[in-house]
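Please go through the structure below with this report beside you. It takes the model one region at a time.

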Amino acid sequence: MKPQNPPRTYRVKSFGCQMNVYDGERMAELLAERGITPAAEGDEADLVVLNTCHIREKAAEKVYSDIGRLVKAGEEAGRKPMIAVAGCVAQAEGEEIMARAPAVSMVVGPQAYHRLPEMLDRAARGERSTDTDMPAIAKFDALPKRRRRAPNAFLTVQEGCDKFCTYCVVPYTRGAEISRPFHDLGEEARRLVDAGAMEITLLGQNVNAWRGEDDRGRAVGLAGLIRALAKIDGLERIRYTTSHPNDMEDDLIAAHGEVGKLMPYLHLPVQAGSDRVLKAMNRQHTADSYLKLLERFREARPDIALSGDFIVGFPGETEAEFDETLALVDAVRYAHAFSFKYSPRPGTPAATMADQLPREVMDERLQRLQARLNRDQLAFNEASVGGTCTVLVERKGKHPGQWLGKSPWLQSVWFEGAAQIGDIVSVELAEAGPNSMRGLLRETALA
Ligand code: 5AD
Ligand code: SF4
């Protein structure tokens, strides 16, 4: 590769989960420290970071077509963008990307992106580099201090997964479970709040597996961390995602009834309603144990909004087994949910299981499942009409004078009136739609 001009502008394109969004922000901060600025809307960037996701479907193919598009746009404009591939596809298929895509200067895995600056120097000298090491915690120590200005911020507290669900690539791309130290998290949270964050969402692939030692050396779990963060003045709302049913400690359930800043929302994936399928997925819980767990959350916090993830068409799933997923949905009545067709991931045990289901079967089951989930989401929104709640204002709405924010139950709420981004206001929920609520401003700037 020829030496490349050091980039002056960048664009980070993040795909997939919220942790990728967090990683994308951190990479942007690293680049900003080097004096590289975000490319203006519509402009070509000198450096493009594709922060990829490997969880489902043809992820790698998408990366190659994105690279092709960037190269072509560059050629048309008579320039050559510097391209970095980051994220989970980089981790899983780094070598292949380097071999197949000569336009790529850098391949960097999710645990190694703190070394992007050195890789940029090498790219400027015309050297291509790959870094898919997994030094885990080292990354966080090497990243610049947070200085993001937004009312809601993500904070990665735990990374990696030891569960090895048979369909999932995460244990391979993100590595083993690690918890960031309690003290570091307190500091990063405080800095985020100083920079304007009112709400922090604690992130982890299995966030409720977070373990640490508090400032007095006592062993604490996620609930202990949440209780400590709740003491930060100016931080008004705390959320966490994603949890695994088997790592749920009693204190986290209790915290939902006791910590006012902890929002009444729980995202707890179940994936399927049939015990045979759950076993084949290596989920290590049953439908019944999951339902009982949710009941305990509802006892601690009766208004809690429940959310889940589902996979339809896991290898060998029969019609009767799929019906058990529908029955579980009927039993829970989720406020929100994500549902996916099973997608065989190279290298995972399920990818080579017998009886992979035809696409049409998966399509049809997904439609039926989503119809129920949509029904329940609308019902949840309709049931909140007439109530008054706080809304954290996140951005302007489509029309002048309109604002958009989130209710405690993570519903999108829009309203008109005197407000600004970052306000927490009191809003009466006046009308329910499937994906958002119309509100009436009752009190401005509570916090
Ligand atoms: N196919 C389909 N969905 C998957 N998920 C994870 N792996 C796969 C796969 N191979 C879904 C699960 C998980 C969510 C993040 O993505 O529902 O909870
Ligand atoms: Fe994947 Fe299962 Fe780990 Fe979640 S718990 S990241 S689905 S292996």
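## Strand E18 and its two partners

Arg-395 has Leu-404 of strand E18 as its bridge partner. This is a predicted model. Strand E17 covers residues 388-396 and runs antiparallel to E18, with 4 bridges joining the two. Their hairpin has 5 residues between the strands, and Gly-401 takes a positive phi near 85° there.

On strand E19, Trp-414 stands opposite Leu-404. E19 spans residues 412-416 and is antiparallel to E18, joined by 5 bridges. These two strands also form a hairpin with 5 residues between them. In that turn, Leu-410 has a positive phi of about 65°.

E18 itself, residues 402-406, is mostly covered, with 5 of its 5 residues buried. Gln-402, Leu-404 and Lys-406 point one way. Trp-403 and Gly-405 point the other way. Both sets are buried.

Ala-305, Ser-307, Asp-309 and Ile-311 point one way from the strand. Leu-306, Gly-308, Phe-310 and Val-312 point the other way.

Strand E14 (residues 265-267) pairs with E15 over 3 bridges in the parallel sense, and His-267 has Ser-307 as its bridge partner. Strand E16 (residues 336-341) is also parallel to E15, through 6 bridges. There, Phe-338 stands opposite Asp-309.

## Nonpolar cores

The largest nonpolar core has 93 residues. Leu-202, Tyr-240 and Tyr-334 touch the most other members. Helix H1 (residues 18-33) gives this core its largest share, 6 residues. A second, separate core holds 19 residues, including Ala-45, Ala-59, Ile-67 and Ile-83. In soluble globular proteins, nonpolar side chains tend to be buried together.

What is Tyr-240 in contact with, leaving aside neighbours within four places in sequence? Its contacts include Thr-201, Leu-202, Val-207, Leu-222 and Ile-226. Leu-252, His-256, Leu-262, Leu-266 and Phe-297 are also in contact with Tyr-240.

## Kinked helix H3

Helix H3 (residues 87-100) has a kink of about 90°, centred on Glu-93. Glu-93 is buried.

The buried residues of H3 pack against strands E3 (47-52), E4 (82-86), E5 (104-108) and E6 (129-131). They also pack against helices H2 (59-76) and H6 (170-173).

## Around ligand 2

Which residues are around ligand 2? Three cysteines are among them: Cys-161, Cys-165 and Cys-168. Lys-163, Phe-164, Tyr-167, Val-170 and Pro-171 are also around the ligand. Asn-206, His-244 and Arg-283 complete the list. This shell divides into 7 nonpolar, 2 polar and 2 charged residues.

## Glu-321 in helix H12

Glu-321 lies in helix H12, residues 319-332. Is Glu-321 buried or exposed? Its relative accessible area is 10%. The cut-off for buried is under 20%, so Glu-321 counts as buried.

Glu-321 touches Ser-274, Arg-276, Val-277 and Gly-316, not counting residues up to four places away in sequence. Arg-276 is 45 residues from Glu-321 in sequence. In space, the two are 8.0 Å apart, C-alpha to C-alpha.

Note on methods:
Residues are numbered from 1 along each chain as its sequence is written. Chains are lettered from A and ligands numbered from 1 in the order in which they are written. This is a predicted model: local features need pLDDT of at least 70, side-chain atom pairs count only at pLDDT 80 or more; totals for chains, interfaces and linings use all residues. Side-chain values use heavy atoms; hydrogens and water are left out. A nonpolar core is a set of buried Ala, Val, Leu, Ile, Met, Phe, Trp, Tyr and Cys residues joined through side-chain atoms within 4.5 Å. Buried means under 20% relative accessible area, exposed over 50%, partly exposed in between (1.4 Å probe, protein chains only). Contact means heavy atoms within 4.5 Å. A residue is near a molecule or strand if one of its heavy atoms lies within 4 Å of it. Ala, Val, Leu, Ile, Met, Phe, Trp, Tyr, Cys and Pro count as nonpolar, Asp, Glu, Lys and Arg as charged, and the others, Gly among them, as polar. The bend at a residue is the angle between axes fitted to the seven residues ending there and the seven starting there. Two strands pair if DSSP finds at least two bridges between them.
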